[in-house]
Structures are given as C-alpha cells and as structure tokens.
Amino acid sequence: MKTLAGISSLGVALLLSGCASAPPLVLDRVGPGPESGEAASIEGTLTVFSAKSRMINLSDPDTVLHTDYTILSSDGTVIRRVANRVSTVLDIPAAVSLPSGLYTIQADAEGHGVVHIPVVIKPQKATTLHLDGDSTRARNAVDTSKLVMLPGGEVVGWRAD
C-alpha cells in the first residue's frame with residue numbers, strides 16, 4: 001500500500017511540474033533607431049511586429065495577422081492591450097502613439113513565446129520591435145552591440161541610449 005501511495009505522489013508531482021512554465025524572456029531596452037524618422041505627432045510611435053497568429057483570419061484566410069500585445073507602465077500597470085492590426089485584410093501591425101517615457105511590452109516572439117521588452121519612447125520618434133521571425137532584416141550593416149537580439153540571433157530593434 002505504501003508503494004502505491006509513493007507512486008501516486010510521484011505521478012502527481014510530475015504532472016504538476018509539467019504544468020509549470022518558464023518565466024517570460026526579458027530583453028534589453030529598445031529605443032528609436034538612428035533613422036527612425038519623425039512620428040506624426042508630438043508623442044512617439046511604437047510598432048510591434050509580433051509573432052504571427054495561429055488563428056484563422058475569417059475575413060481573409062490568406063492573410064496571417066500579428067498577435068496582440070500589452071503595453072505596461074514602468075511599474076507594471078497595464079496601460080493598453082493592442083489589437084495589432086490596421087485591418088483584417090492587411091498583415092500590417094498597428095502603430096500606437098504614446099507619450100515619451102519608459103514602457104514594457106509583453107508580446108509573443110516567433111519561436112520564443114512571450115517576451116518582456118523594455119522600450120523607450122521619445123517625442124516625434126518611431127520605435128519598432130521585430131518579433132515575427134523575419135530573417136530578411138540584415139544585421140551585418142551595423143555594429144551588433146547597437147542591437148537587441150533574441151537568443152537565436154534574430155534582431156528585435158535598436159538598443160536604447
């Protein structure tokens with residue numbers, strides 16, 4: 001009887017440990033790049049190329065949309081949940097205007113799950129995060145110490161000053 005109880009306890013422990021998930025990946029702070037351009041307002045702009053959604057787009061099944069993400073204040077308070085699309089027939093992520101400051105973005109990164117990325121928003125500057133696994137972005141043209149990258153070497157954005 002003790003053996004059965006021991007095996008049952010071990011099975012429950014293994015089951016519970018299988019449900020535990022790793023903490024989200026936290027990256028270095030990202031800010032506007034040197035050629036970030038002017039934002040349309042006195043605020044800064046944030047664009048997040050998050051991982052592509054695995055949900056079927058009922059409006060246009062040929063278009064795969066970016067996953068939604070959350071903007072948190074520097075103290076962790078949710079500021080906004082972003083429906084990350086300009087329409088259901090274009091795979092273009094939403095550009096969000098934000099007052100200058102420090103924020104944390106909680107988003108899905110292709111092949112890495114949920115990541116937390118501190119970002120700096122500067123007035124009239126655009127900050128862009130690349131989490132969709134697009135390997136066409138060249139990093140050879142710049143000093144990689146100026147870039148924030150995922151563990152697999154994918155470029156996320158420019159390291160904040």
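**Figure 1. Surroundings of His 66 in the predicted model.** His 66 touches Phe 49, Ser 50, Ala 51, Lys 52, Ser 53, Asn 84, Arg 85, Asp 91, Ile 92, Pro 93 and Asp 132, with residues up to four places away in sequence not counted. The structure shown here and in the other views is a predicted model. His 66 is placed in the loop between strand 3 and strand 4. The residue counts as buried because its relative accessibility is 2%, under the 20% limit. A polar atom of the His 66 side chain lies 2.7 Å from the backbone oxygen of Ser 50.

**Figure 2. Asn 84 and its contacts.** Asn 84 belongs to the loop between strand 5 (78–82) and strand 6. With a relative accessibility of 0%, Asn 84 is therefore classed as buried. Its side chain reaches the backbone oxygen of Thr 67 at 3.4 Å. Beyond the neighbours within four places in sequence, Asn 84 is in contact with Val 48, Ser 50, His 66, Thr 67, Asp 68, Tyr 69, Ile 92, Pro 93 and Ala 94.

Figure 3. Strand 3 and strand 6 run antiparallel and are joined by four bridges; Leu 46 has Val 96 of strand 6 as its bridge partner. Strand 3 and strand 9 run parallel and are joined by five bridges, and Phe 49 stands opposite His 130 in strand 9. Strand 9 (residues 126–130) is mostly covered, with four of its five residues buried.

**Figure 4. Strand 7 between its pairing partners.** Strand 7 pairs with strand 4 in the antiparallel sense over four bridges. In this pair, Ser 73 stands opposite Tyr 103 of strand 7. Strand 7 also pairs with strand 8, again in the antiparallel sense, over nine bridges. Ala 109 stands opposite Gly 113 in strand 8. The two strands 7 and 8 form a hairpin with three residues between them. Gly 111, in the turn of this hairpin, has a positive phi of about 80°.

Figure 5. The core holds 23 residues, of which Leu 46, Tyr 69, Ile 71, Ile 105, Ile 117, Leu 129 and Val 156 touch the most other members. Two or more residues of the core come from each of strand 3 (44–49), strand 4 (69–73), strand 6 (95–98), strand 7 (101–109) and strand 8 (113–121). Apart from neighbours within four places in sequence, Ile 117 is in contact with Leu 27, Asp 28, Val 30, Tyr 103, Thr 104, Ile 105, Leu 129, Leu 131 and Val 156.

Figure 6. Leu 150 lies in the loop between strand 10 (147–149) and strand 11 (155–159). Its relative accessibility is 5%, so Leu 150 counts as buried. The C-alpha atoms of Leu 150 and Leu 27 are separated by 7.6 Å, while the two residues are 123 residues apart along the chain. Leaving aside neighbours within four places in sequence, Leu 150 is in contact with Leu 25, Leu 27, Ala 109, His 112, Val 115 and Val 156.

**Figure 7. Gln 124 in the loop between strand 8 and strand 9**. Gln 124 is not a glycine, yet it has a positive phi of about 60°. Most residues other than glycine have a negative phi. Gln 124 is partly exposed because its relative accessibility is 36%, a value between the 20% and 50% limits.

**Figure 8. The protein chain as context for the close-up views.** Buried residues make up 36% of its 161 residues. Of the contacts with a separation of 6 or more, 60% join residues 24 or more positions apart. The chain exposes about 9,600 Å², and carbon and sulfur atoms supply 58% of this area.

Key:
Residues are numbered from 1 along each chain as its sequence is written. This is a predicted model: local features need pLDDT of at least 70, side-chain atom pairs count only at pLDDT 80 or more; totals for chains, interfaces and linings use all residues. Side-chain values use heavy atoms; hydrogens and water are left out. A nonpolar core is a set of buried Ala, Val, Leu, Ile, Met, Phe, Trp, Tyr and Cys residues joined through side-chain atoms within 4.5 Å. Buried means under 20% relative accessible area, exposed over 50%, partly exposed in between (1.4 Å probe, protein chains only). Contact means heavy atoms within 4.5 Å. A polar contact is a pair of N or O atoms within 3.5 Å; within protein, one must be able to donate a hydrogen and the other to accept it, and residues adjacent in sequence count only if both atoms are side-chain atoms. Two strands pair if DSSP finds at least two bridges between them. Accessible areas come from the Shrake-Rupley method with a 1.4 Å probe; for residues, only the protein chains shown count as cover.
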